[in-house]
Amino acid sequence: MASDSRQLSAGMTATLSAELEGRVARDFVADIVQAVLDESRQAAQDRAVESMMLEARLRLERFIRARSSRQRE
């Protein structure tokens, strides 16, 4: 996975550097690309955590309902 990320970063950096035709330092472009990729990864992790929390909440609600209905019987 890290290798894929490095390849993606290198490809994006090369593409943007070519489009900017040397008007911006390649290292600066690489820093921007890395920041965007890092932010994207963090957003994906946040969505994954949010999804896990929702699933845990739903399971807890089902457990409470099941427990509550057993106590009424």
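The model you are viewing is predicted, so local features need pLDDT of at least 70 and side-chain atom pairs count only at pLDDT 80 or more, while totals for chains, interfaces and linings use all residues. Residues are numbered from 1 along each chain as its sequence is written, and side-chain values use heavy atoms, with hydrogens and water left out.

Next, select residues 26-72, which make up helix α2, where I32 is found; helices here are DSSP runs of H or I with at least four residues, strands are runs of E with at least two, and both are numbered from the N terminus. Helix α2 has 47 residues and reaches 69 Å from its first C-alpha to its last, close to the 69 Å expected at 1.5 Å a residue, a span calculated as 1.5 Å times one less than the number of residues. Now colour V29, V33 and L37, which are the buried residues of α2.

Finally, show the whole protein chain, which has 2 helices and 0 strands. Its radius of gyration is 23 Å, well over the 11 Å that the globule rule gives for 73 residues, so the chain is more spread out than a compact globule; the radius is taken over C-alpha atoms, and the rule is 2.2 Å times the number of residues to the power 0.38. Along its principal axes, the C-alpha trace spans about 75 × 20 × 15 Å, and 8% of the 73 residues count as buried.

Technical notes
Buried < 20%, exposed > 50% of the residue type's maximum accessible area, 1.4 Å probe, protein only.
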